[in-house]
Amino acid sequence: MNADASVIAVQGHRGSIQSGLYNGGSTGNYGSVPFASRDDQPNKRIAVPVRVEPKVFFANERTFLSWLNFAIVLGSLALGLLNFGDSTGKIAGAAFTVIAMFVMIYALMLFQWRAERIRRRDAGPYDDRRGPIVLVVVLISAILVNFYLRFVYSE
């Protein structure tokens, strides 16, 4: 058996070499063993183990720390308003404190969800489309309530 013929038999090509030069003039057969062409086989998915790079875990952790950084800054602003503000500032400080606590809880849940999906090697996307939108809407609402209270109930 020629080395070129074995490569062609393994790959299943239907070129001019296969159609008459090495297999005695018959098309699709090499001796008595039929060639396996791509048209004859169903589309099979080959299970290849996916290697998760360590940078994926670190990116998840960086995102979690970024959310926590934002929550700590918001919580610091809220504590400043609670300690040194008037009655309107205390209401706004309480609102921002609650928002900061929810952001911390949300960041932890999102971190755990992504980490579990990465560990199981689930197919992505791992992005969060609703969380930032909800956060912006809640923060804008808290700021608008703060302005409303400041101008309507100012002392």
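## Around helix H4

Just after H4, Arg121 takes a positive phi of about 60 degrees. Bear in mind that this is a predicted model: local features need pLDDT of at least 70, side-chain atom pairs count only at pLDDT 80 or more, and totals for chains, interfaces and linings use all residues. Numbering runs from 1 along each chain as its sequence is written, and side-chain values use heavy atoms, with hydrogens and water left out.

Helices (H or I, at least four residues) and strands (E, at least two) are DSSP runs, numbered from the N terminus. Helix H4 covers residues 87–120, and its end C-alpha atoms are 50 Å apart, which agrees with the 50 Å that its 34 residues should span at 1.5 Å a residue. That expected span is 1.5 Å times one less than the number of residues.

Arg51 is 70 residues away from Arg121 in sequence, yet the two are 8.3 Å apart in space, C-alpha to C-alpha. Arg51 is in the loop between strand S2 (33–34) and helix H3 (54–84). With a relative accessible area of 62%, Arg51 is exposed (over 50%; buried is under 20% and partly exposed in between, with a 1.4 Å probe and protein chains only).

| Space | Volume | Lining by class |
|---|---|---|
| Largest pocket | about 170 Å³ | eight nonpolar, one polar, one charged |
| Second largest cavity | about 30 Å³ | five nonpolar, two polar, one charged |

On a 1 Å grid over the protein atoms alone, a cavity is a set of points where a 1.4 Å probe fits but cannot get out, a pocket is an open set with protein on both sides within 12 Å along at least five of seven lines, and lining residues have an atom within 4 Å of a point. Points are joined across faces, edges and corners, and a volume is the space filled by probe spheres set on them. Ala, Val, Leu, Ile, Met, Phe, Trp, Tyr, Cys and Pro count as nonpolar, Asp, Glu, Lys and Arg as charged, and the others, Gly among them, as polar.

H4 and helix H5 (131–152) each supply at least two residues of the pocket lining.
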